[in-house]
Amino acid sequence: MRRARGRALPGAVAALCRALPPRARPAPDTLRRARFDRPQASSHCWRLLCSLLKQVHGGKWTEPDAIDIQIRFIKSVLWYHGYGRPELYRLPSDGSAGSRELLLAFSWLLHRISLLEQLLARNRVRTGDETSVCTCEDDLTNSQKGRTEIAPEYSLEDKVDVRYLQWLHGRLRFQWRSLHALHQEQSKLLHKIHLFTSGSHMDKILGHFSVTETELIRQPENYKQLLQFLESETMQLEAFLEWKQLEQVYWHWMETVLDDMAEEGSMCKSQDAHTMKSMLPKGDSCCHWAGSLVGKIDRLSRDLMTVHDQLQELVTHRKSAWYEKVKTREEELQKEEFCAAARKTQEAVELKLLDLTYHCAPKKPKMHGSCRLVFRSKHSASKTGFGRSVSKEPISTVSATEVIRELQMRKASLERELKQLQEECRQRMDEIAEGLDGVICISP
Amino acid sequence: MSIVTVQLGQCGNQIGHEVFNAICSDVHGTHGLCSKKENESYHEASKERFFSEEKSGVPVARAVLVDMEPKVISQTLSIAARSGCWKYDDRSHFCQKQGSGNNWANGYSVHGPKHKDRIMNLVRKEAEKCDRLSGFFTIMSMAGGTGSGLGAFVTQCLKDAFPASFILNHVIWPYGTGEVIVQNYNSVLTLSHLYRSSDALLVHENDVIHKICAQLMNIKQISFRDVNQVIAHQLGSVFQPIYTGAGPLHYSRSPLGDLMETLVPHPEFKMLGLRNIPQMPENSLAYSTFSWPGLIKHLRQMLIANATMEEGIDWQVRPPRPGSSIPSKHSTSKSLHFNTSIANLVLLRGKDMHSADLGSFQDPALYTSWLNPQDAFNLWKTPRAFNKYEKSAALVSNSQFLLKPLDNLVGKAWNMFASKAYIHQYTKFGIEEEDFLDSFTALEQVISSYTTL
């Protein structure tokens, strides 16, 4: 067993390395030597991991920074993804040590965030027909990347003139409009390409060329480069398949590495206890984490039950109060007026109910991510002539009209929300204006 | 990156025609003074921007011509077609049999709604021809009836129909001693309505251009054609392709968008003035030499002293020294002499433009206190010379240039309004006194915003 594994391991590691993108591809030896924690290997490993993580986090290829910046970046990314091993965070910033820890971290990332799959997806040869679709509900705790704000430095006091803010706001709006025009142009030109090349493609289902293919026709001398990219991608994908079959061997190997480290680590564990707490701003190490999670789940379910009971009580209470009110109202008003009023309130209630059900309904899987645009001729509806309908294929397809409809619904609900917020704001302004002497508030 | 021009009224159509003429002759001229590659990409960009391809090979201007009388439009169409260089689309025009009688209300409340669908259809067709619409450029005069009233209505419709596109209104400020009695009413109503729907108002004053023709161009008998040609030259120097970014990778792909973003993001400040140097008769060009430092110095002083051309500049006017005067409250005396800017855009065209030093434009004293020069000042340039001038510089400025004319205009209009002169001509078409009052309020607000810079 061991011997078989021993033979398969170099193959697995080699496949793994081949599946990584060309610019950040280690030699298989590097990985194996990393477990021995040699200083020369360490800085190389840091740099490797840094370039891999940068690619995953959407950064373009830039010149490598200094080693301590790279190390800080890697540590923050690992922290972001929840890597809780304190030994890594304690590694020095000059890159002289830690190749074994890095090996562990790398393997953890492979598994945890599907590093390999992400890298492969990012480095695909583009067809140019991609578009991103997102019908997700807005998450307030959305992307945290790149949220740097540069405060205006010139102001002497700490105040900013409101006119400057209006200026910036106006610039933002104009830039948005330019972006909108850019998108429109892209769609228009893409449509032209698809329309003019309809029927020319070898793949009868697709039927038309993509942007990359059209570009190739215009400038045939670029075929060499495209061919290179395709070959490289094919090789990576084949290596990935190979890797998938030999994976187990690799994980067994990682277990041995961990065992080794655990033996060494248990000797100096006692000292680490309190330093660990100071390193990690939010406590819990991996061991406590699972237990606390279970506790949290229990607490949440209990809270949910109590809230549910309270709601039930409230509802029955309100219903009875409401019936009382209705009876008294009915007596007050005459029959016809009451009917009209009842109808109006019913309509308003229905609208609100629709809104609520929409919000509380079990979410249909929201579309998110990039898709390829495929052109279909006009036999299915669509007044604007951009008919792209569903085709019955095994790959998941969705029609553009569906996406448009969903986005329109979302737009309508956002507009309603905006109106509501504006109304609230208006009322608040009126209240404030009443309190001040000689001030009239004219709202737009 | 295409601009659709909407030519409104007699003035708008005549000027629009000259603008396309100037652009075409600049593009086809042999005076580019730059590399062949540069010239070709300039040519392509300019054509894409203003003309569309037709099967006949003659470029067709991206324009819609609107007027209530047929005479000017038919003249414009035929002159353009005869030139052989370019032409208008034969179907892209709209006219009627009778004019608007210099009545703003007639143009806005009667002709506008009546012909809205047909006019907007023409605009939509032109917009669809563009691969990418940068925005709309409307040309109109404020004094008449069609250009001003119908123009204001059309601008509103454009805004409603194309909410994401940019709209730049080119407005001709009438002669102070103009022939139309009610031009002040028309102007006030036009400006206040345009302020609501348009993104920016680029103003040319007839008096100023007339002076340029007389003093700089040495024209003895100044005709409207001469005035229009000067205006066209100035507009061309702004709208022809130019590099806006730090690196000259490609010509700006969004001319109107970039212009708006640098100059008018603030919704209260939309009035733009335009200065261009040098201006001289064509036959003197061969004997003149230009230097960037000289041009820039003159341009800067023209900005500060609110001069309209490079002769007769008041060199005594200086920017206030920092800390010497308290802004805003005491700015009345300051504003009579020194022109405070909100934002400035300088466009340099010609040889060696990279050697030009524009540090003097980045002096914070030139600008209002709440905006710093990095945000307020922008420089665009291209080595390709424009319209036979070896070196030329243009300044588009969002500053107090138009404060005095605006103030005068509103003052005169208010005096007429106070005595209710000629109001019945407007009320009979649906513009009530209340609408007048709203317009006055809006313009007073603009004047006050600009005064307290």
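Q: How many helices and strands are there in chain A?

A: Helices (H or I, at least four residues) and strands (E, at least two) are DSSP runs, numbered from the N terminus, and in chain A there are 14 helices and 2 strands. This is a predicted model, in which local features need pLDDT of at least 70, side-chain atom pairs count only at pLDDT 80 or more, and totals for chains, interfaces and linings use all residues. Residues are numbered from 1 along each chain as its sequence is written, chains are lettered from A and ligands numbered from 1 in the order in which they are written, and side-chain values use heavy atoms, with hydrogens and water left out.

Q: Why is the pair of B:Phe417 and B:Phe436 stacked?

A: A pair of aromatic rings is described by the distance of the centres and the angle of the planes. Rings of Phe, Tyr and Trp (its six-membered ring) pair if their centres lie within 6.5 Å, and planes under 30 degrees apart count as stacked, over 60 as edge-to-face and the rest as tilted. The structure holds 29 aromatic pairs over all chains; for B:Phe417 and B:Phe436 the centres are 5.4 Å apart and the planes at 25°, so this pair is stacked. The pair links helix α13 (residues 403-418) of chain B, which holds B:Phe417, with helix α15 (residues 433-451) of chain B, which holds B:Phe436, 19 residues apart.

Q: Is B:Phe417 buried or exposed?

A: Buried means under 20% relative accessible area, exposed over 50%, and partly exposed in between (1.4 Å probe, protein chains only). B:Phe417, at 4% relative accessibility, counts as buried, and B:Phe436, at 0%, counts as buried.
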